[in-house]
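Here are my notes for you, in numbered points. Keep the picture open while you read and find each place as we get to it.

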Amino acid sequence: MSKDTVNVAIVGLGFGAEFIPIYQKHPHANMYAISRRNEAELAKVGDHFGIDQRYTKYEDVLADPDVDFVHINSPIPDHAWMSLEALKAGKHVMCTVPMATTIEDCEKICQTVEETGLKYMMAETVVYSREFLFIKDLYEKGELGKIQYMQASHPQDMDGWPEYWERMIPMHYATHVVSPVLGLMDSRAEYVSCLGSGAVRDDIRQKSGNPFAVESCHIKIADSDVGAHIWRFLYDTARQYRESFDVYGTKKTFEWSLVEGEPHVLHTAKKPENEIAERIEVPDFAHLLPEEIREFTQTIQDAEHLSFIQGAGHGGSHPHLVNEFVSSIVEDRDPWPNAVQSANWTCVGICAHESAEKGGEIVRLPEFTLK
Ligand SMILES: NC(=O)c1ccc[n+]([C@@H]2O[C@H](COP(=O)([O-])OP(=O)(O)OC[C@H]3O[C@@H](n4cnc5c(N)ncnc54)[C@H](O)[C@@H]3O)[C@@H](O)[C@H]2O)c1
């Protein structure tokens, strides 16, 4: 039987700490436990937010019978094994992006979710950002018309970020661009073709095994005539951070601003040429949330954290993520995205890099992600 209030343990307290005050105010969540390896830093966060249940060891989080779900915000190489261990220990899992960095790990997580009946959600910020919610609203109301094409970009210079990023491959962290182009029409990717372009400096190439500066990928969307283009870089290319999403419809088109903080543009077909493009203010979607957590679409706890200096508050998505996962447990339904959708979104990037290594050859998404 599902409970009315669920106990969360947050694991990883860099970006993860952002979610603490949201859980504390959510009407169906109890901000029960926190975990990170560094005891002094753990105590600092626990004292600041008044949380008594603290763990430096992940196995102790999982051994605690009062933990209903873990919200994982550890470094990327830890996402897959931590998710699997949690599911095996009977805990629901919300995990920050990406789900994993191998197809095998994505499949194991999907299998374990199916076997246990537990819930898994990849906490993809982009599909709960106010821009995405605005575009989705326009789409569902028919205002965009038929979708003809989508594109998304995520250039980000990772010099100065934790060292594990130097070992990352651009397309292995692609969910911020894959998720909007697949999420808008709730579709799956069928196959991809990706070109690697340019070159990263030697030390980055050696650490990551990836020679390319930019990876640029076309996605064939399953059961649809729509194609999408996404691109990514992590190092050695000059550009301000941007997580953009453009949607081209028969009636209206949304284009992301070129410079962070400037207005986005809505184009309307068949108007006089100088009236087609209109700079717009994207509305907030806090009204979709329980009243207690609506304020969090506009707030950031740790404005100094690099992911907010480059990240701009992730479009007010954090309370929506919390609400979606908590509601899915309380209402005993699948979260969005569920495990298989999360796997399809994550595997696009993994398949894209494989394609880039083969000079742009078509790589098909694994069957288990198309279910
Ligand atoms: N927009 C987004 O979706 C978004 C934005 C920022 C970060 N993230 C993701 O969040 C994750 C964390 O990012 P960050 O910038 O906070 O990284 P970080 O390296 O600053 O912090 C990682 C945290 O995890 C903790 N940790 C590591 N191993 C642990 C273990 N075994 N048990 C418990 N805690 C452990 C560390 O102590 C630290 O608190 C990354 O995977 C990143 O991709 C996503």
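1. Leaving aside its neighbours within four places in sequence, which residues is P170 in contact with? They are N210, E215, R232, F233 and L234. Here, contact is a matter of C-beta atoms, placed from the backbone, lying within 7 Å of each other. You'll find P170 in the loop between β7 (147-155) and α7 (175-183). P170 counts as buried because it has 31 C-beta neighbours inside 10 Å. The cut-offs are these: 20 or more other C-beta atoms within 10 Å of a residue's own is buried, 12 or fewer is exposed, and in between is partly exposed, with C-beta atoms placed from the backbone.

2. A word on what you're looking at. This is a predicted model, in which local features need pLDDT of at least 70 and side-chain atom pairs count only at pLDDT 80 or more, while totals for chains, interfaces and linings use all residues. Residues are numbered from 1 along each chain as its sequence is written.

3. Six of the eight residues of β9 are buried, so the strand is mostly covered. On one pairing, eight bridges join β8 (residues 189-197) to β9, and the two run antiparallel. In that pair, G196 stands opposite E215. On another, β9 and β10 (residues 227-233) are joined by seven bridges, also antiparallel, with C217 opposite I230. For two strands to pair, DSSP has to find at least two bridges between them. The hairpin of β9 and β10 has five residues between the strands, and D223 there takes a positive phi near 55 degrees.

4. Next, follow α7 itself. Two packed helices are described by the angle between their axes and the distance between the axes. For α7 and α11 (residues 339-357), the angle is about 125 degrees and the axes are 9 Å apart. That makes α7 oblique to α11: angles under 35 degrees are roughly parallel, over 145 roughly antiparallel, 65 to 115 roughly perpendicular, and the rest oblique. Axes are lines fitted to C-alpha atoms, for helices over the stretch in contact, and angles run from 0 to 180 degrees between N-to-C directions.

5. Who touches whom in that helix pair? T175, V178, S179 and L182 in α7 meet N344, W345, T346, V348 and G349 in α11. The residues of this contact divide into four nonpolar, five polar and no charged. For that count, Ala, Val, Leu, Ile, Met, Phe, Trp, Tyr, Cys and Pro are nonpolar, Asp, Glu, Lys and Arg are charged, and the others, Gly among them, are polar.

6. Helix α6 (residues 130-140) also has a link to α7. Its buried residues are R130, E131, F132, L133, F134 and I135. These buried residues of α6 pack against α7, β11 (244-249), β12 (252-255) and β13 (264-268). After α6 comes G142, with a positive phi near 85 degrees.

7. Have a look at the open sheet too. Its six strands pair in parallel, in the order β3-β2-β1-β4-β5-β6. The edge strands, β3 (53-55) and β6 (120-123), each pair on one side only. On average, neighbouring strands of this sheet are turned by 25 degrees against each other, direction ignored. Within it, six bridges join β1 (residues 6-11) to β2 (residues 29-35), and V6 has A29 as its bridge partner in β2. Helix α4 (residues 79-88) packs on the sheet, touching β1, β4 (69-72), β5 (92-96) and β6, and its direction makes about 170 degrees with that of β5.

8. Most residues other than glycine have a negative phi, and most peptide bonds are trans. The bond from V97 to P98, however, is cis, with omega near -15 degrees, and P98 is in the loop between β5 and α5 (103-116). W336 and P337 are also joined by a cis peptide bond, with omega about 0 degrees. D186 has a positive phi near 50 degrees, and is exposed, with 10 other C-beta atoms within 10 Å. K270 has a positive phi of about 65 degrees and is exposed, with 6 other C-beta atoms within 10 Å.

Conventions:
Helices (H or I, at least four residues) and strands (E, at least two) are DSSP runs, numbered from the N terminus. Two residues are in contact if their C-beta atoms, placed from the backbone, lie within 7 Å.
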